[in-house]
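Colleague: I've got a new structure open and I'd like to learn how to read it. Could you walk me through it?

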Amino acid sequence: MSNYLVAMEAAWLVRDVDGVDDAIGVAVSEAGKRLNQADMTYVEVEVGATGCPACGEPFDSAFIAAETALVGLALEMEVFNAEGEEHASRIAKSEVGGALKDVPLDVVEVFEEPDDETA
């Protein structure tokens, strides 16, 4: 059994916003609040990054139309004693998905953490 860091992305809808920074602040705050209410303070929440189709440079993952924003959030959590990457991703998606009901969620990457055991 190993420990894994699971990276996920979520699509967060924010209504009545004036700009990208406002939308990002509201999305991160609301997601953090819902995770905290579920005692999941160990989940890291940040705004996601999207690559520019023209130059490839990353920019904040937020789009606004008609005062409504779609913000891409990056979520990370550690999963301990999982049987493999697939098992770790199912655990993470289940836990975070339970706290963020009705929020589209997808596992992006799973990293196996090195053993810290010393002989």
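This is a predicted model: local features need pLDDT of at least 70, side-chain atom pairs count only at pLDDT 80 or more; totals for chains, interfaces and linings use all residues.

Colleague: What volume does the largest pocket have, and which residues are closest to its centre?

Modeller: The volume is about 350 Å³. There are 24 lining residues, and M8, E9, G48, L73 and A74 are the closest to the centre. Two or more lining residues come from each of β1 (2–15), β2 (44–47), β3 (49–51), β6 (68–82) and β7 (105–112).

Colleague: How do the lining residues divide into nonpolar, polar and charged?

Modeller: You'll find 14 nonpolar, 4 polar and 6 charged residues in the lining of the largest pocket.

Colleague: Now let me step back. How many helices and strands does the protein have, and how do they run?

Modeller: Count 2 helices and 7 strands. Starting from the N terminus, the order is β-α-β-β-β-β-β-α-β. The C-alpha atoms fill a box of roughly 55 × 40 × 20 Å along the principal axes.

Colleague: Which residues have the most contacts inside the largest nonpolar core?

Modeller: That core has 31 residues, and the ones with the most contacts inside it are M8, W12, L35, V71, L73, L75 and V96. At least two core residues come from each of β1, α1 (20–37), β6, α2 (85–99) and β7. The largest share, 7 residues, is again from β6.

Colleague: Let me zoom in on one of those. What does W12 touch?

Modeller: Setting aside residues up to four places away in sequence, W12 touches A27, E30, A31, R34, A69, L70, V71, L73, L100 and V103.

Colleague: Now S2. Is S2 buried or exposed?

Modeller: S2 sits in strand β1. Its relative accessibility is 19%, so S2 counts as buried, because the cut-off for buried is under 20%. Beyond its neighbours within four places in sequence, S2 is in contact with V79, F80, N81, A82 and E112.

Colleague: N81 turns up there. What is the phi of N81?

Modeller: Here's the background: most residues other than glycine have a negative phi. N81 is not a glycine, yet its phi is positive, about 55 degrees. You'll find N81 in strand β6, and with a relative accessible area of 47%, N81 is partly exposed.

Colleague: What about D16: what is its phi, and where is D16 placed?

Modeller: D16 also isn't a glycine, and its phi is positive at about 55 degrees. Look for D16 in the loop between β1 and α1. With 65% relative accessibility, D16 counts as exposed, because exposed means over 50%.

Terms used: Residues are numbered from 1 along each chain as its sequence is written. Side-chain values use heavy atoms; hydrogens and water are left out. On a 1 Å grid over the protein atoms alone, a cavity is a set of points where a 1.4 Å probe fits but cannot get out, and a pocket is an open set with protein on both sides within 12 Å along at least five of seven lines; lining residues have an atom within 4 Å of a point. Grid points are joined across faces, edges and corners, and a volume is the space filled by probe spheres set on the points. Helices (H or I, at least four residues) and strands (E, at least two) are DSSP runs, numbered from the N terminus. Ala, Val, Leu, Ile, Met, Phe, Trp, Tyr, Cys and Pro count as nonpolar, Asp, Glu, Lys and Arg as charged, and the others, Gly among them, as polar. A nonpolar core is a set of buried Ala, Val, Leu, Ile, Met, Phe, Trp, Tyr and Cys residues joined through side-chain atoms within 4.5 Å. Buried means under 20% relative accessible area, exposed over 50%, partly exposed in between (1.4 Å probe, protein chains only). Contact means heavy atoms within 4.5 Å.
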